[in-house]
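Colleague: I am new to reading structures, and I would like to learn how to look at single residues in a model. Could we go through some cases together?

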Amino acid sequence: MRTELARLRGLVGGELAEEVLVQRLERRLGMQAGRPVVELEGWLLKRGLPQKPGCWSHLCDDGVRIDTGGGCPSCDSAMGDRRALRASVASAVAAEVPELPLQDRRREVERRMHERVQVRAAAEGERRERAAAERAARQEALAARREELDAAERERVTAPCEECGIPEAAGLCPVCASGRRTRDLLQQAVDVIVAVRADLDDPAGTGDLAEQVAADTRRLLEDAVARSVDTRAEGVLAYTRVQIAERILAGRRASALVRLAAGEEAETEADRAYEAAMRRRHRYPTRSLALRAAEEAAERAGEAAARTLLRERLARLQDGRSARPPGSAGWDRRCAELARRPLPGDRPAAAGTEALAEGLVSAA
């Protein structure tokens, strides 16, 4: 009884579980039709306590909903289907053999009903078998997929660092990950300055400015790191570089937005917003409130225009960088490197020859 009570608590809650069980026992005693219960324990285990759903619903018990105490709609629907089936069979028998006596007609109806029920039961059995096979296949596929994911995760965790080669670093150790993050932040900080100050229609000038800003940014980072920490621990230095790079990027982005907001395009948008707000000044009780609202609208429009301009200029910078052929920037340095490389079949060049080649390239 305690087991059944615990199961009912999971279905209807602790407050209704005991009431539902009492109603079930009373209903089952009523089904005895006055016959006494001879063996109480056996009657409880086999008849009194077990739930007997009349349909697919797990809340059905003898055609009664255990949560509401009313009739089970699923059982009513199934009973209506059976009645409709019987009516259909009876109509078919009456149409096919109208001369049959009433008793023979009833037997024929029952025979056909039995056949229909057997066909439905067989179809339901096949459906359940297919469902069980599909469920087993899904479970097998899920288990295989789970094993693949576990193997991939184990391989990922045990992979060495891509940059320094330290074993079992999940592909990237914390120090190298911080270094990669620092480089990305510094590149963004450089792009912000270049996008605002450079003439993006001049690829050569843009490349030269990017190199200069990148060098200045690296020096700024290292000077800030030297002032911030007094340790040579790689982890501490890597973490500090990330933090300082984030501050550099945030400061440069804020400065770029201020500069763009003071430009002609942003000022034009701010003026339009101010004029549009002043055309609605009749909505405010005083002129001072209308002026304040217009100034706030102009400020918001200018800031929005600055953000849009920065995004557009950064996109143009990236487009120009991707469209630029590899190695097009810094040709003097590239040519010097190529001049130092020996051609196939050449003898090793002397140090003086290398210096001479570099001087010729620089002069060119």
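Modeller: Let us start with Arg28, which is buried, because its relative accessible area is 3%; buried means under 20% relative accessible area, exposed over 50% and partly exposed in between, with a 1.4 Å probe and protein chains only. This is a predicted model, in which local features need pLDDT of at least 70 and side-chain atom pairs count only at pLDDT 80 or more, while totals for chains, interfaces and linings use all residues. Residues are numbered from 1 along each chain as its sequence is written, and side-chain values use heavy atoms, with hydrogens and water left out.

Colleague: Which residues is Arg28 in contact with, leaving aside its neighbours within four places in sequence?

Modeller: Contact means heavy atoms within 4.5 Å. With those sequence neighbours left aside, the contacts of Arg28 include Trp43, Arg47, Asp61 and Asp62.

Colleague: Where does Arg28 lie?

Modeller: Arg28 lies in helix α2, which covers residues 14-30; helices (H or I, at least four residues) and strands (E, at least two) are DSSP runs, numbered from the N terminus.

Colleague: Is Glu168 buried or exposed?

Modeller: Glu168 is exposed, because its relative accessible area is 62%, and it lies in the loop between α5 (102-158) and α6 (174-197). Its phi is near 50°, a positive value in a residue other than glycine.

Colleague: What is the phi of Ala170?

Modeller: Ala170 has a positive phi of about 55°, although it is not a glycine, and Ala170 is also found in the loop between α5 and α6.
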